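Please read them alongside the sequence and the structure.

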Amino acid sequence: MPFRFEESMVNEYLSRGYLIMREIVPPALLRDLRIEAEKARALAHKLNGPQTQRIQPLSRHGADLDLRPFHDYCELPELRDAITSLLGPDYTHGHVDIMGLLTEPADHPWNIGWHRDGVVEVPPEARDEIVAAKLAEAWYDLRHYNQVNCAIYAESCTWYVPGSHLRQWDMPGEEQTTGQAWLRKPDEGLSNTEAERLYLAHCREFPGAVQGHLGPGDFMIYRNLAWHTGNYITYQPRATIHDIVRYEGEKSWTGWQETKQDAIRRWQERRETSSE
Ligand SMILES: O=C(O)CCC(=O)C(=O)O
Ligand SMILES: [Fe+2]
């Protein structure tokens, strides 16, 4: 059945922090996207190595890919209408100059590690009150932090903690693991199956985590301030459009880039002072 927007979806998005718009991409467009996704996955591995899990932005690869289906996706009236129903006017859901494809790594499993985007941009040691105050200004503002995964092939790579976007504080067990080397490359002597099971356990053990299952053409929008991770396996093709939903109206929130960079600088200065 073709996707139909329901009023209840607004509440679902606001309370859980994610919403999956099932089968919103029509089959004909999906077929065209797959033809290019096939090329893009091969290109990702050729350009960035066998372990790469993305190619981004797609606009950089116009010489090797036909970008038309991706532009068609950006123009898709079904998606435009659904986003307007969900968030109001003045939002865009697709940008070929931002969009990437998340791809499966070729050699071994890989896990990005649990994180909250936004927060993760500043190393834990550099997060001070100034960073927290700046982030707090935008935390509940729906014009920011809307991310998209739209599956061209069925996949179940994204794990998410529903409701965690509503808290600016962390609960016991909510720890960032993006810096853990064992998630990026299996420890010496570990087989791919053993690594896959360990990474899966790492996903399952996180308090309140649920696995997102996307069918072909399913569009998942999520508040990326929630706890989430991406768990990547080698033996299933993944070509998932990764983009943001961007507010195009008046931008009243500025200064985050500067705040982040200042915090990282202060932290580095502190490190240098303490090592003298
Ligand atoms: O692979 C995924 O689904 C998640 C990717 C992600 O969390 C990120 O790029 O920040
Ligand atoms: Fe993320």
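1. Axes here are lines fitted to C-alpha atoms, for helices over the stretch in contact, and angles run from 0 to 180 degrees between N-to-C directions. Helices (H or I, at least four residues) and strands (E, at least two) are DSSP runs, numbered from the N terminus. This is a predicted model, in which local features need pLDDT of at least 70 and side-chain atom pairs count only at pLDDT 80 or more, while totals for chains, interfaces and linings use all residues. Residues are numbered from 1 along each chain as its sequence is written, and chains are lettered from A and ligands numbered from 1 in the order in which they are written.

2. The axes of helix α2 (residues 27–48) and helix α3 (residues 68–75) come within 8 Å and cross at roughly 140°. That angle makes α2 oblique to α3 (under 35 degrees counts as roughly parallel, over 145 as roughly antiparallel, 65 to 115 as roughly perpendicular and the rest as oblique). On the α2 side the contact is made by Leu29, Asp32, Leu33 and Glu36, and on the α3 side by Pro69, Asp72 and Tyr73, where contact means that C-beta atoms, placed from the backbone, lie within 7 Å.

3. Within α2, the residues Leu33, Glu36, Ala37, Ala40, Arg41 and Ala44 are buried (20 or more other C-beta atoms within 10 Å of a residue's own; 12 or fewer is exposed, and in between is partly exposed). The buried residues of α2 pack against β2 (54–55), α3, β4 (100–103) and β11 (239–244). After α2 comes Gly49, whose phi is positive, near 95°.

4. The length of α2 agrees with expectation, because its 22 residues at 1.5 Å a residue should span 32 Å and its end C-alpha atoms are 30 Å apart; the expected span is 1.5 Å times one less than the number of residues.

5. Helix α5 (residues 129–138) and helix α8 (residues 256–275) pack at an angle of about 165°, with their axes 9 Å apart, and are therefore roughly antiparallel to each other. In this pair, Ile130, Val131 and Lys134 of α5 meet Trp256, Thr259 and Ala263 of α8.

6. Leu87 lies in helix α4 (residues 77–87) and counts as partly exposed, because it has 18 C-beta neighbours inside 10 Å. Leaving aside neighbours within four places in sequence, Leu87 is in contact with Leu142 and Val245. The C-alpha atoms of Leu87 and Arg143 are separated by 8.5 Å, although these residues are 56 residues apart along the chain.

Key:
Two residues are in contact if their C-beta atoms, placed from the backbone, lie within 7 Å.
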